[in-house]
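Please open the model in your viewer and keep the selection panel at hand.

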Amino acid sequence: MSNQVQTAEGISARFICTANHGFAPYAQEELRRMFGAVKSTMLVSGEVFLATLPTSQGDAADLLQQTPPIFLRHLFPVHFEVNTEQQDIAFDQLFRFLLNHSALQEGSFSLQVRKTERSNFEGTSGVFKQHILSGIELLPAEHVIQDADLIVSVYLTEERLYAGVSRAEDNLSDWNGGAVRFQKEEGQISRAKFKLLEAEKTLDIPFSSFHRAVDIGAAPGGWTSFLLDRGLEVTAVDPAKMNPVLLNHPKLKYVSKNAGDVKFKENEFDLLVCDMSWSPKLMARLVTDLLYSLRSGGTAVVTVKLMHKKPMALIKEVTSVFEDSRMQIQRAKQLFHNRDEITLYMIKY
Ligand SMILES: C[S@@+](CC[C@H](N)C(=O)[O-])C[C@H]1O[C@@H](n2cnc3c(N)ncnc32)[C@H](O)[C@@H]1O
């Protein structure tokens, strides 16, 4: 299942890489820092690019798992590529490639199809998915929606069709393109809640195992409602108004103040979360001033707004402020639900 190519310049492997809109240049920079000379071609401006890494597919997957990137949200290896001038021929070739693929002769697979907006292929990704599934129905491997042994990824652009077969963990995410979708609940207080839901799933943060949380910059209360749903007692700090439906919750204490003006007991909390739309350096100072209230072993989850043009330098600066305050960074990641920000997951030692 290798897409490794041995040329006069050495081994290389190609991947379709995806980042949040506008952040592909930083994902490219991460790959350059990790792998050295990386050739890349943008397929969707600021978002999707084709990268050639000077390494084998397996080594790339190992390194990406050891040093998870912040901005690179998803990738899949390119094992098959065809020009799409004649779409029927392109699909026939794709079917033949998949039907003959040695790794698809047993077990299970999921099919993930994406297309660029300007792709010559008319129809939705869903239509193409059905078309491909009918073309490969004789495949011995079983098509499943979840927990597949392998992911078959297909990407359609204006001129080309790319496909690859890989394990979900080697793609950095088991969601199509790393786009983590949740259903909006009825009466959901804010879309911000999706950030914690996604952090719980993709960063494996065991929110239900905590007891007492402080939520800094909590209004209107999406994060607070998520934590209350997980059974925690929550102290919500914000001078702005919380959604009234939360206010009578028996496990909520609402402090209508600026976070710079609050005082807590030492080690009062085992979870601190902060989602303030504020200058990241001021946020870091404000949060570190409150860390006395987080017991050692406690967890902190904060969003860092990327306000200026050098996110890598900014992230380094903010993480070192936290590291100087006994916080060990578990993960820094731009989640699908983060806009111009990243999420930091830390544990106090
Ligand atoms: C993006 S909203 C938070 C959304 C929230 N996480 C949710 O899920 O509903 C940012 C909040 O930070 C609050 N904020 C900004 N500066 C603050 C400060 N110094 N102290 C407390 N809250 C602050 C704002 O009032 C605003 O309500």
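Helices (H or I, at least four residues) and strands (E, at least two) are DSSP runs numbered from the N terminus. The model is predicted, so that local features need pLDDT of at least 70 and side-chain atom pairs count only at pLDDT 80 or more, while totals for chains, interfaces and linings use all residues. Residues are numbered from 1 along each chain as its sequence is written, and side-chain values use heavy atoms, with hydrogens and water left out.

Select H74, F76, Q112, R114, S153, V154, N176 and G177, which line the second largest cavity; a cavity is a set of points, on a 1 Å grid over the protein atoms alone, where a 1.4 Å probe fits but cannot get out, and lining residues have an atom within 4 Å of a point. At least two residues of this lining come from each of strand 5, strand 7 (108-115) and strand 9 (150-156).

Next, select F15, Q57, A60, A61, L64, L75, P77 and D170, the lining of the largest cavity. Two or more of these residues come from helix 2 (57-66) and likewise from strand 5 (74-77), and helix 2 gives the largest share, four residues.

For polar contacts (pairs of N or O atoms within 3.5 Å), show the polar backbone atom of G222 that lies 2.9 Å from a ligand oxygen, and then the polar side-chain atom of N258 that is 3.1 Å from a ligand nitrogen.

Note on methods
Polar contact = N/O pair within 3.5 Å; in protein donor to acceptor, adjacent residues only side chain to side chain. 1 Å grid on protein atoms, 1.4 Å probe; cavity = no way out; pocket = protein on both sides within 12 Å on 5 of 7 lines; lining within 4 Å.
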